[in-house]
Amino acid sequence: MKIETIPQEDHQVKIEAEFEDELFESFKRRAARKIAKQAKIPGFRPGKAPYDVVLRMYGEGVINEEAVELLIDEQYAKVLDEATIEPSGPGALKEIVSMEPLKLSFMVPLKPEIVLGDYKEIQLEYTPEAVSEDEITEFLARLQKNYATAEPVDRAIEKGDLVYFKLKGLANEETILEELPVQFVVGDDQQKDNWPFENFSNELIGLKESEDKEIEHTFGEENEDDRFKGKTIKFVVNVQSVKTLSLPELNDDFAKLLGQFEDYAALEKAVRDQQESNKKQEYDEKYFSELISKYAEQATVKFPPFMVDEEIEQMFKSLERDLKQQNLDVETYLKLLKKEKEEYIEENVRPAAINRVKNSLIIEKFAQEEKVEVPKKDIDGIINDTVQMLHNMPDQKGKKAKVTNEMVNNVAYNAISRLYNQRTLEKMKALATGELLLEETQEAVKEVEEGVEGESEVVIEEKLEVVSTETQEIIETSIAEEVEDDTEVVVEEKLEVESSETKDLPENEGEENPKE
């Protein structure tokens, strides 16, 4: 077998493999036998027809095609070994270069290569904002409105009314928003993201039940809804009902109405905890996005195209699920955007998929460099929790579901992966904020302090040498504050010795109780 490798710019390698005539001839014979088994050849039992008969009936092209498939199945791994290539995914036959001799061209994806650069110098402060009292008050007010009683009124719409209406959107008389029912509180100050545009509900003030109104609005190119982006839309409103809201009082009775709180204080605490969790999660998403972007700016990341293609497939599946929840399908969605599928992928999906792959590889490489691990006790705990959860989960008939090893493995693997990623991101944050350096410094100080009284000068010196030069000033200060005066002198002498390469070790080196 003759092998030639040709590196490609997209982190793949083209392998051209030339096979001996005798080897290919043996596969042609095997191909003929396979064809003979599957075909009905007059005068012969299945698989017993001679090669010449099969060749005459089916032709050399059919035999060659089957022989190449059989050869690839058996010889592809040997081709990779000969070429000393470790693929990151399945290769593909790109071309049959020649038949005599048989020469095949394969395209093989290489394993990703990631160089993080001087990532330990990356700095980014972690400063999440505390939840304000106004945010707690706003949330409780929204909760209050959810439990308000609505009573129909025969008058024009006023601010604070609950209005039910039908809405349709037209652009140049073409329907881009099919008529749908909408309900919200008019002029709600807490409804920060009014849809379809800011303060839309105020346009309804003054209308009465059964009245119509046309509202025009021009959207900017930055609008998040692709259907409206950069367009002037005429919204047609038909008011169905107008109701006034009577709000319940925020007290212990209201808290008990929710069914899980003893009093209003417990409700308020639960709201605060939830808001703090939500705000931290929102901040973390922005923080880690910015932090990983800093890594990406200096990192060199190479990966083959199939990884992006797989990510695009996953993103499209996610899009389909999201659209299904809105009673839409991808085909309808693309029609509303006036884009073909391939155009949408290249403009909207592929750039995001490339970033996702790059970022995930950076995180994975960081975890390897920093030796991030999930301890065995945590893994065992996750597996036990998974088994218990699945056993307690009822099936569609309300009975206990049958738990298989595959189910446990899948759920547990996802949970372990999430924990692993979480700990990796936390370590990235600790490094970027200086928290990791502080922990290492404190550990080094503690180690030195524990050994100062009972260990010899030589041992102390060896431990101090392990500590990075960046943290020695902190260690010296900490030691001076904690150890006794006579020991302090010895440590300071040892630190001075370390700072001078030319100064000899003291004569009493190795004594249990060194003299001043």
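In the predicted model, seven bridges join strand S9 (residues 212-218) to strand S10 in an antiparallel arrangement. Within this pairing, Glu214 is positioned opposite Val236 of S10. Strand S10, which covers residues 232-246, also pairs with strand S6 (residues 149-152), again in the antiparallel sense, over four bridges. Here Ala150 faces Leu245 of S10. A further antiparallel pairing, over nine bridges, is formed between S10 and strand S7 (residues 162-171), with Leu167 opposite Val237.

The number of salt bridges comes to 31. One of them joins the side chains of Lys34 and Glu66, with an N to O distance of 2.9 Å. Lys34 belongs to helix H1 (residues 21-38) and Glu66 to helix H2, so this contact ties together parts that are 32 residues apart in sequence. Lys34 is partly exposed at 31% relative accessibility, whereas Glu66, at 16%, counts as buried because the limit for burial is under 20%.

A salt bridge is also formed by Asp309 and Arg350, whose closest N and O atoms are 3.7 Å apart. This pair links helix H6 (residues 305-325) with helix H8 (residues 341-369), the two residues being 41 apart. Asp309 has a relative accessible area of 39% and Arg350 one of 24%; Asp309 is partly exposed, and so is Arg350. Lys339 and Glu347 form another salt bridge, with a closest N and O separation of 3.0 Å.

Tyr58 is located in helix H2 (residues 51-83) and is partly exposed, at 32% relative accessible area.

Definitions and conventions:
Residues numbered from 1 in each chain as written. Predicted model: local features only at pLDDT ≥ 70, side-chain atom pairs only at ≥ 80, totals over all residues. Heavy atoms only, no water. Pairing = 2+ DSSP bridges. Buried < 20%, exposed > 50% of the residue type's maximum accessible area, 1.4 Å probe, protein only. Salt bridge = Lys/Arg side-chain N within 4 Å of Asp/Glu carboxyl O.
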